[in-house]
Amino acid sequence: MALRIDYLAKETGNNLVRNPTLTVATVLTVAVSLALLGASLLIQRGVDHFNTRYKDDVEFIVWMTADAPQENVDAVKGFLDESLVVRSSNYVNHEATFAEFQTYYADQPEVLDLVDPNDLPTSFRVVPEVPDLALIRSLGQEIEALPGVSQVSYAEEYIKQLNDMTNSASRVMIVAAVLSAVASGLLMYNTIRTGLFARRREIEVMRLVGATKWFIRIPFMLEGLLQGLIGAVFSGIAVFGLNKLIASSVSGRENLKLFSSFALDNGQVAVVAVILLLVGAALGSLGAGIAVTRYLDA
Amino acid sequence: MIKLENVTKEYPGHSTALVDANVDIGKGEFVFLVGPSGSGKSTFLRLLNKSEEPDAGRIFVAGKDIGQMSSWKVPMLRRNIGAIFQDFKLLPTKTVAENVAFALEVIGRPRSVIKTQVPAICELVGLGDKMTKYPNQLSGGEQQRVSIARAFVNRPLILLADEPTGNLDPQTSIGIMRLLDRINKTGTTVVMASHDRGIVDTMRRRVIELAEGEIVRDEARGVYE
């Protein structure tokens with residue numbers, strides 16, 4: 001009495017090819033919406049990755065004025081060395097600053113010509129003992145009062161700004177993904193409904209001769225599930241491609257070093273791909289399920 | 001086999017289709033439902049396989065109150081009730097054999113059973129040589145035979161026939177009635193709605209006459225009138 005596999009395969013296959021334009025449209029919308037979802041998941045993971053990587057790194061930078069005399073520099077160094085809040089600090093002198101400057105402006109040699117290393121402000125890269133923002137702020141204020149110090153900038157702020165930026169980008173993408181997921185769900189619903197209408201005679205006969213409810217339903221549910229899964233496979237490929245693109249545009253470019261953590265390894269992308277497959281399957285069976293319930297049980 | 005107790009069915013906005021009907025049909029009987037269009041004949045048949053639900057009263061099929069039946073058991077009920085119609089309801093994209101096999105396939109019968117049953121039933125209805133033809137290659141009478149084969153291939157206890165000769169000429173109708181008579185002789189209860197006076201008068205079976213939803217006559221070996 002069980003459903004026969006060959007019957008199911010035949011019926012589901014027939015359903016899929018009966019209306020190829022609708023099937024393709026449905027699969028593509030599913031793919032696009034899931035690709036958006038996948039992209040926003042990638043970005044979120046990139047941000048997490050980035051945050052853990054920079055958490056214990058430089059927490060703030062003390063900028064000296066360019067013309068600060070050596071005794072001011074020594075005073076700041078002494079202050080930092082004595083502070084219990086500071087774990088370590090590293091002085092970046094004029095030459096090292098110029099070297100960094102050179103890498104940032106490597107493609108604009110005319111800028112480099114105008115700059116004398118001694119015009120560039122030197123700085124201390126300071127790693128605090130604990131990542132406590134309030135503590136770091138009060139320390140920063142003390143340091144800013146010392147002679148020869150122009151400014152204290154907090155790396156945490158940059159990280160926060162970057163986080164805010166990527167968060168709002170991924171929020172926009174999530175909204176777009178949800179909207180297009182709704183669109184693909186509705187399209188799925190309509191595809192299945194069209195299929196039900198095309199097969200209404202068969203369904204009538206099936207009911208008449210005593211086919212069970214699930215026997216009639218399952219091929220349509222499978223059709224939706226399959227469309228969702230095929231769309232998800234496409235979106236998975238797109239997500240792998242996107243990650244490759246990020247990786248190749250980030251690697252080997254010094255000024256984008258900060259973003260290198262946005263390129264994930266294949267294992268992490270695979271997790272995203274699995275999530276997309278699950279969402280695709282859920283989307284497909286939900287759209288089909290609602291259509292079947294509404295039009296078969298009525 | 002079939003029992004209606006005070007069954008009433010109304011369609012909203014229309015006149016009453018069946019009023020307080022009480023009928024008892026025994027196993028192996030052949031019963032005609034007669035009456036003008038809209039008198040409730042089709043409703044009577046549709047109530048028996050739960051294509052419709054009564055508004056009041058109780059219906060028993062093979063001793064079971066089908067009003068109490070849970071919805072998942074309805075398919076099992078229908079496997080015991082074959083049905084044929086004026087418009088045959090054949091699937092145009094399937095051959096004769098496939099149309100008949102479909103009825104077995106969708107209730108999950110094994111392929112070995114289908115392979116032996118389908119040719120046998122096609123032979124029984126006189127279409128042994130037309131199994132690979134499509135419905136549009138057949139005459140009306142032949143199409144009705146296919147639909148009878150499909151309805152009977154499960155050996156149901158009851159066969160419901162809603163104007164099965166309504167689209168057929170008198171000569172062809174006689175052939176169909178002979179076939180239904182043969183099926184009835186195997187012990188299958190046949191309930192047939194018809195307004196074909198000639199057929200009813202020739203067969204001389206039990207006749208139940210409906211008028212505006214009411215049973216106005218029920219006699220053994222009756223005529224159409």
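**View 1. Leu8(A), a buried residue in helix H1.** Leu8(A) counts as buried because its relative accessibility is 12%, where buried means under 20% relative accessible area, exposed over 50% and partly exposed in between (1.4 Å probe, protein chains only). You will find Leu8(A) in helix H1 of chain A. Helices here are DSSP runs of H or I with at least four residues, strands are runs of E with at least two, and both are numbered from the N terminus. Follow Leu8(A) to Leu222(A): the two are 214 residues apart along the chain, with 8.5 Å between their C-alpha atoms.

**A note on the model.** This is a predicted model, in which local features need pLDDT of at least 70 and side-chain atom pairs count only at pLDDT 80 or more, while totals for chains, interfaces and linings use all residues. Residues are numbered from 1 along each chain as its sequence is written, chains are lettered from A and ligands numbered from 1 in the order in which they are written, and side-chain values use heavy atoms, leaving out hydrogens and water.

**View 2. The fold of chain A.** Chain A has ten helices and four strands, running α-α-β-α-β-α-α-β-α-β-α-α-α-α from the N terminus. Of its 298 residues, 41% are buried. Among contacts (heavy atoms within 4.5 Å) with a separation of 6 or more in chain A, 85% link residues 24 or more positions apart.

**View 3. Two domains of chain A.** The assignment gives domain 1 (5-54 + 159-297) and domain 2 (60-156); such bounds come from an automatic or database domain assignment. Taken over C-alpha atoms, the centres of these two domains of chain A are 49 Å apart.

**View 4. Where chain A meets chain B.** Here 17 residues of chain A are in contact with 25 residues of chain B. The buried area between the two chains is about 1800 Å², with 59% from carbon and sulfur atoms; this is the accessible area (1.4 Å probe) that two parts lose on being put together, summed over both.

**View 5. A salt bridge between the chains.** The rule finds one salt bridge across the interface of chain A and chain B, counting a side-chain nitrogen of Lys or Arg within 4 Å of a carboxyl oxygen of Asp or Glu. Its partners are Lys89(B) and Glu204(A), at 3.0 Å from N to O. On the side of chain A that touches chain B, helix H1 (5-18) and helix H8 (200-208) of chain A each give two or more residues, and H8(A) gives the most, with seven.
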